[in-house]
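Please look over this structure with the notes below beside you. They are meant for someone who has not seen it before.

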Amino acid sequence: MAVPAREASDAGPAVRIGSRTGKWILLTTVLGSSMALLDSTVVNVALPTIGRDLDASLAALQWTVNGYMLSLAGLILLGGSLGDRFGRRRIFVIGVVWFAAASLLCGLAPNVGVLIAARVLQGVGGALLTPGSLAIIQASFHPDDRARAVGLWSGFGGVGAAVGPFLGGWLVDGPGWRWVFLLNIPVALVCAPIALRHVPESGGAAFRPRGSGRAEGEEHHGFDVLGAVLGALSLALVTYALIEAPSGSPLVWVAAVAGAATGVAFVYVEKRRPDPMMPPDIFSSRQFTAVNLVTLCVYAAFGGFFFLTTLQLQVVAGYSALQAGTALLPTTILMLLFSARSGELAQRIGPRVPLTVGPLLCAAGMLLMLRVGEDASYVADVLPALLVMGLGMVTLVAPLTATVLASVDIARAGLASGINNAAARAAGLVAVAALPLLTGMGPEAYRSADAFDAAFRRAMPLCAGVLVIGAVLAFATVRRPAPGCLRPECRRHGSLTAPPLEPERATRGALGAAGAGGSGSAGGSGADPAS
C-alpha cells in the first residue's frame, strides 16, 4: 500500500535514513536523477554512430544534444515549482514516466527528426524529475538526517555520471546506440512503483494541514509559466540561429532577432511579475552576479569541450565508442574523489584563488588536447590532458557552488542553486551550437578525419580563451564570503555538464515549523542549514 499523502505534512518530515522507508526513498530518488544525469553524458559517445545510422548532418547531431539541454535548462526552475504546487512525489513520478516514454521514442526513432523531438521531450521529463528527487529527500527526512541523505544522493549520482560514458560506449559497440535510450525503461519500471509505494507525498496546497501556511523564513517563488516559456523560447531561437547559420537562410536572421526580443521580454516579465520564477533582485548581489558570469564562461567551455572531444577521439584518433567513453573516466573519478576536499580548502583560503586557478588548469588541459590526432596514444597524449582538465574541475566546481550559496540569503539557497544550474546548462548548449559555426565545420565534417581535426584544433584555443576570461572575472570580482555563511550539502559531485543542485533551506527559526512546506525552487524546501 502506498504511503498516505497526508502523512508527510501532518506529522512533519520524520523519516530516518536507516529505516526501511528511508532506504527506499534514497533508492528511488537516486535512480530517477541518474536517468537524467546519464542521458546528459552518454549520448555524446553515441553521436558518430547515430549520424551514420540515420544519415544525419552535423547540425542534426548538435540538435540531438541541444534538444535535451534546451528543455532541461529552460524548464528546470518551473519543474521545482510544479512539485511544490501539485505534490513532489506526484510530479517526480510523472517526470520518471514521461522520461521513460520519451526514451522509448528515442530508441525507436526511424529518423533524426523524430530523435530530436524525442530528446526535447526527454528534457521536459528531466526538468520534472531532477529537482523533484532532491526536493523529496528534503521534505521526507528528519532534519538530523537530511544533510547525510543529500550527500548520499549526490555521491551515488556522481557514480552514475562516472559510469555513464563507459556504459554508453559499451552499449553502442554492443547491442547498438538505441539501447542508450531503451535502458531507461527498466530503470523507470523499478523507480516509479517504489516512489508510489514508499515515498510520502509532500508539497502543494492539497497536502498541507488545513489552515497552515508557509513557515516563517521560507521564501515562496512563483509558478511562472510565462517566464519559463519565454526563457526556453529565447534559448531555442538563439540556438536555431547559431546552428543553422551556415545555411544562409533568411530564417536565421529572423530567429536571431526574435530570440533577442524574446530574451528582452523575459527580463521585462520577470521584473513586473509579483512572484517571478527568477526574481531580478537576486542579482542585486554583486557576488552572485559575478559568480554566475564565471559559471557561464566555465560551462560554455566544458560543454563545447566534451561535445567535440568524444567526436575527436572516434572520428580522428580511431577510438571505438567504448574506448572513447572509457577515456573520459579519469576526469569524473578525480571529481568524485577530491571535490569534497577542494570545497574544504576553499572554505579555509576563500574562493578567489580556486576560481582563478581552476579555469586556468582546465584551459591548459584543453590546449594539451591539441596533441590528440590520428593514432594518438592514450597514455602519452589523451590521459595527460584529461588529468589536467580533471584537476582544474576539482579545483573550481565545489568552490563555485559554495560561493553561489554564500552570496544570497539562506532562504534563497535553492533558488540561487537552481539559477546557477540552469545558467551552466544554457551556456553549454549555446557553446555546442556556436563552436561548429566559429570553427568552420561543414555539415559533413564529422565524416572526415582531416576536416574535423582541423576544426577541433581551432576550437580548443577558443574554449581555453573563454576559460581564461572566466579566471580573470573570478580574480577581479570574487571576494571571500562572510564567516558563518551557508555551505553546500552536495559536497561530492561528478557531473561534467552542470554544478550540483542544492536544496532550499529554511532559516534557523523556521526549522521546526517548515516541515514539508513548499518553496518553489529547483532544489526543494525545508532543509536545515548544513552543519
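This is a predicted model: local features need pLDDT of at least 70, side-chain atom pairs count only at pLDDT 80 or more; totals for chains, interfaces and linings use all residues.

1. The largest pocket holds about 720 Å³ of space. It is lined by 25 residues, of which F266, M278, F283, A423 and A426 are the closest to its centre. Two or more lining residues come from each of α4 (58-86), α10 (225-244), α11 (250-272), α12 (286-316) and α17 (413-438). By class, the lining has 17 nonpolar, six polar and two charged residues.

2. The count of salt bridges is seven. One of them joins the side chains of D145 and R16, at 2.8 Å from N to O. D145 is in helix α7 (residues 143-173) and R16 is in the loop between α1 (5-11) and α2 (20-39), so this pair ties together parts 129 residues apart in sequence. D145 is buried, with a relative accessible area of 10%, whereas R16 is partly exposed at 39%.

3. Another salt bridge pairs R178 with D53, at 4.0 Å from N to O. R178 lies in the loop between α7 and α8 (179-182) and D53 in helix α3 (residues 42-54), so parts 125 residues apart in sequence are tied together.

4. R447 and E444 form a salt bridge with their closest N and O atoms 2.3 Å apart. D55 is linked with E444 and R447 in a network of salt bridges.

5. On the surface, I94, W98, L105 and L121 form a nonpolar patch with about 320 Å² of accessible area together. Helix α5 (residues 88-107) gives the most to this patch, with three residues.

Conventions
Residues are numbered from 1 along each chain as its sequence is written. Side-chain values use heavy atoms; hydrogens and water are left out. Patches are made of residues with over 30% relative accessible area and no salt bridge: like charges are joined within 9 Å, nonpolar side chains (Val, Leu, Ile, Met, Phe, Trp, Tyr) within 5 Å. Accessible areas come from the Shrake-Rupley method with a 1.4 Å probe; for residues, only the protein chains shown count as cover. Helices (H or I, at least four residues) and strands (E, at least two) are DSSP runs, numbered from the N terminus. On a 1 Å grid over the protein atoms alone, a cavity is a set of points where a 1.4 Å probe fits but cannot get out, and a pocket is an open set with protein on both sides within 12 Å along at least five of seven lines; lining residues have an atom within 4 Å of a point. Grid points are joined across faces, edges and corners, and a volume is the space filled by probe spheres set on the points. Ala, Val, Leu, Ile, Met, Phe, Trp, Tyr, Cys and Pro count as nonpolar, Asp, Glu, Lys and Arg as charged, and the others, Gly among them, as polar. Buried means under 20% relative accessible area, exposed over 50%, partly exposed in between (1.4 Å probe, protein chains only).
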